[in-house]
Amino acid sequence: MDFRRRLWIVSAALAIAGCALPIATPPPSAGAPTVQTNSLGMRFVRIPAGEFLMGSEEPAATLARDFPQLPPERFALLGDEGPVHKVRITHAFWMGQHEVTVGQFRRFLERSGYVPESIADGTGGYGWRVDYDPAKTVRGDAFEGRDPRYAWNNPGFAQGDDHPVVNVTWNDAQALAAWLSRTEGHRYRLPTEAEWEYACRAGTRTRYNTGDDPASLRGSANVFDQRTAAYWPQWKAMALPADDGFAFTAPVGSGAPNAWDLYDMHGNAWEWVADWYGEDYYARSPVDDPQGPADGAVRVRRGGSWHTWPFYARASYRNWNAPDTRYTLVGIRLVREDGP
């Protein structure tokens, strides 16, 4: 059955059962500020309360048809994206318009005295090196590490202060949020996984907030493309058929925003979210403001990065790492709550 028709049938059944269809929630009331800037120069966009259908249940055959360059077995590993379920975000919140930048993270360190985990524990992070050959390593990882030479301020490639900070851990993100909360009198935190997908989709129900076709990411997402593939030619077939001008990270906001004025929700840097990862959590997730499992071993990250194949930058795709993971693809986007 054609997927769009299947989705219509599923959506109709949900509507009959009392589950509202995914809609673009109306913007805040006239006169209310829609963007706020904090003491580190981070801009936050007001995201209204609303509801949406979270997750994906695309058949493996449909994915194999639309992503023929990937091995078919990969499409059988996406069970944690379902079942599709209704989620209601009951309170408006302020989402970082951009990923936290190198310059903002530096200012946080200078003002707070915090030492990032990659430096504090002496083991460093991961990084790119021009003469590094993944084929000659045990893990076959695309990047070298852990190594003390790599950290938030050195992922092995050049970054400006306006690029997303990477090589930061979930614990580093918590420290940043806690310091901002103390110094500004507003609660900062990581978004929940549900808030993240709600904000990413911005009223859409397609694979990306730009549409179903990976080519729709052109001009709005810094993912693994032809320029990046020049450094990893063994994966060129997986690359977006485009060149965004950036082989590695790009300055935040280099592409077009989604419908809710959020940039880089697909690509540039993976973004930590608050939740523990639970493979079957969607089957038991509450409708209102799900917070993820009560405990776990790994935390969720969302959105893909500059080195992510377009397939894995879909709005529904879930990835995870241990909270002390520091990697050259993983960064931060924060939420600021209303009120003190």
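Start by selecting aspartate 66 and arginine 207: they form a salt bridge (a side-chain nitrogen of Lys or Arg within 4 Å of a carboxyl oxygen of Asp or Glu), with their closest N and O atoms 2.7 Å apart. Aspartate 66 sits in helix α2 (residues 60–66) and arginine 207 in the loop between α6 (193–201) and α7 (226–229), so this pair ties together parts that are 141 residues apart in sequence. Helices (H or I, at least four residues) and strands (E, at least two) are DSSP runs, numbered from the N terminus.

Before moving on, a word about the model. It is predicted, so local features need pLDDT of at least 70 and side-chain atom pairs count only at pLDDT 80 or more, while totals for chains, interfaces and linings use all residues. Residues are numbered from 1 along each chain as its sequence is written, and side-chain values use heavy atoms, leaving out hydrogens and water.

Is arginine 207 buried or exposed? Arginine 207 is buried, at 8% relative accessible area, and aspartate 66 is partly exposed at 30%. Buried means under 20% relative accessible area, exposed over 50%, and partly exposed in between (1.4 Å probe, protein chains only).

Next, select arginine 88 and aspartate 288, another salt bridge with its closest N and O atoms 2.7 Å apart. Arginine 88 belongs to strand β4 (residues 85–89), and aspartate 288 to the loop between β9 (270–276) and β10 (299–302), 200 residues apart.

Now go to arginine 302 and glutamate 193, whose side chains meet in a salt bridge (3.0 Å, N to O). Both residues are buried.
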